[in-house]
Amino acid sequence: NGFLPGNRSPPSLPSLPIIGSLLSLVSDSPPHIFFQQLQKKYGDIYSLMMGSHKILIVNNHHHAKEVLIKKGKIFAGRPRTVTTDLLTRDGKDIAFADYSSTWKFHRKMVHGALCMFGEGSVSIEKIICREASSMCEVLTETQNSAVDLAPELTRAVTNVVCALCFNSSYKRGDAEFESMLQYSQGIVDTVAKDSLVDIFPWLQIFPNKELRILRQCVSIRDNLLQKKYEEHKVDYSDNVQRDLLDALLRAKRSSENNNTSSHDVGLTEDHLLMTVGDIFGAGVETTSTVLKWSIAYLVHCPQVQRKIQEELDNKIGKDRHPQLSDRGNLPYLEATIREVLRIRPVSPLLIPHVALQDSSVGEYSVQKGTRVIINLWSLHHDEKEWKNPELFDPGRFLNEEGDGLGCPSASYLPFGAGVRVCLGEALAKMELFLFLSWILQRFTLEMPTGKPLPDLQGKFGVVLQPEKYKVTAKLRADWEKSPLMQHC
Ligand code: HEM
Ligand code: PLO
């Protein structure tokens, strides 16, 4: 009967033969907003066809948690698409790789390598603070002029992940860094957008501008990764592990010494390059995007900025730098970071999941092979869960007394959850906390006179990025006198 879980089909959009319910033909809104709007007509959970693929769209947190956590393993697959196959040599990475023992192995290795930095002599905290300090120096130089902070924020974030992956860093104006910025933007603009080629792979035989850009950018990226790989092979030693690439090389060598074929465990050169490429790419694009959103909201809401600065002045003062151990003492800053991740999630549709066997979500049956899209945008803007969801209000993450953090809603999953949860969550949170606290302790960010406020809509892609904007960073009162300025 219709009341048992899992034996009814979900409501579905009418679909035309061959093209399915092709979205770009029916809506001007970006997909996360269009899928949210469709709830009014079809309910929280509905299905549609993209070409020949059946897609289930999930718009509420109960169903999202059933997919990601309760039935996490069943829904741990990833679809293969033309663009992600190009980026990852047919899914030899982590994020776009289907569920397999190789994927599991690489996830574990990366996790281990990231943990190593917690204990090592050069801790992640030291690396981040080094970059924060260098960023503040640059901001001091460009003081009071209208600047696009994006390149400097991105360089800081890149250098952190560069230290972790390759034990290297970039100076200002470095040609390799400039080329990385370019190819990476090209990839963000073209990959995993459910473009027509992903729906109709046969369209690849026609000239296609986006695909040409993607191929070009991927080839430049691959050269960079190959170069780092060759350099590491030359300097490799079993006794020292400098970074993630060394950890991967060690695993590869030890499997070869044990006479297991690197193909069996997925430790081919392709796998190593694609794994480190994922961490490098994710490390650069996600955190820098959140920093750009944070600053855009801070110049929109000067009262939020002032409150963070008051908290920093009271808890840290002007004689020392913020450090990770201050995190528990700065709830308003922490609440602000949480609110930015709510209102503008980096990855508003996560990465699509795939049902690895026949299953169900809520009362609806789901066939093996169905692609499941969790609309994080709907979860984070659900009016039943959040008061005025479009309002930027860090206060909603504080407890009733306003002196600590609270948990306003369970409809909040900025990093996903379950077996496919983000691998960089801890790293990203450390970076966001340290970079923002270092900047705001010293500077006030403002709109240059006469310039419009940053646009807050965002460009949809594999990450939701803000449009470019300029701000001025003004040194706060009394800062010239601070002993910290001497290091700067
Ligand atoms: C996956 C969010 C930073 C590495 C994801 C997913 C989300 C996410 C939503 C998809 C989960 C799913 O498909 O169910 C974020 C946010 C970040 C961030 C909001 C910054 C604030 C990072 C960083 C790294 C990273 C810094 C690298 C160190 C990854 C990887 C995956 C992933 C490798 C794929 C996991 C898998 O498929 O098994 N992230 N991420 N992320 N993230 Fe992050
Ligand atoms: C960003 C552009 C890089 O050049 C390549 C790259 C690798 C990993 C991707 C990342 C891009 C975008 C953000 C992704 C990340 C893996 C996990 C992360 C998709 C495409 C998120 C937020 O899910």
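The model is predicted: local features need pLDDT of at least 70, side-chain atom pairs count only at pLDDT 80 or more, and totals for chains, interfaces and linings use all residues. Residues are numbered from 1 along each chain as its sequence is written, ligands are numbered from 1 in the order in which they are written, and side-chain values use heavy atoms, with hydrogens and water left out.

Start with ligand 1. Its iron atom has a single donor from the protein, the SG atom of Cys422, 2.3 Å away. Donors are N, O and S atoms within 2.8 Å of the metal (3.2 Å for Na, K and Ca); water is not among the atoms, so sites may look incomplete. Cys422 sits in the loop between helix 15 (376-380) and helix 16 (425-442). Helices are DSSP runs of H or I, at least four residues long, numbered from the N terminus.

A residue counts as near if one of its heavy atoms lies within 4 Å.

The side chain of Arg420 has an N or O atom 2.8 Å from one oxygen. For Trp103, a polar side-chain atom lies 3.0 Å from an oxygen.

Move to ligand 2. It is surrounded by 15 residues, with Ala95, Ser184, Ile187, Glu285 and Ile351 the closest. The protein covers 89% of the 480 Å² of accessible area that ligand 2 has on its own (Shrake-Rupley method, 1.4 Å probe). A polar side-chain atom of Ser184 is 3.0 Å from an oxygen atom of ligand 2. Helix 12 supplies the largest share of this shell too, 5 residues.

End at the second largest pocket. A pocket is an open set of points on a 1 Å grid over the protein atoms alone, where a 1.4 Å probe fits, with protein on both sides within 12 Å along at least five of seven lines; lining residues have an atom within 4 Å of a point. This one is lined by 23 residues. Helix 7 (175-190) gives the most, with 5 residues.

Notes
Helices (H or I, at least four residues) and strands (E, at least two) are DSSP runs, numbered from the N terminus. A polar contact is a pair of N or O atoms within 3.5 Å; within protein, one must be able to donate a hydrogen and the other to accept it, and residues adjacent in sequence count only if both atoms are side-chain atoms.
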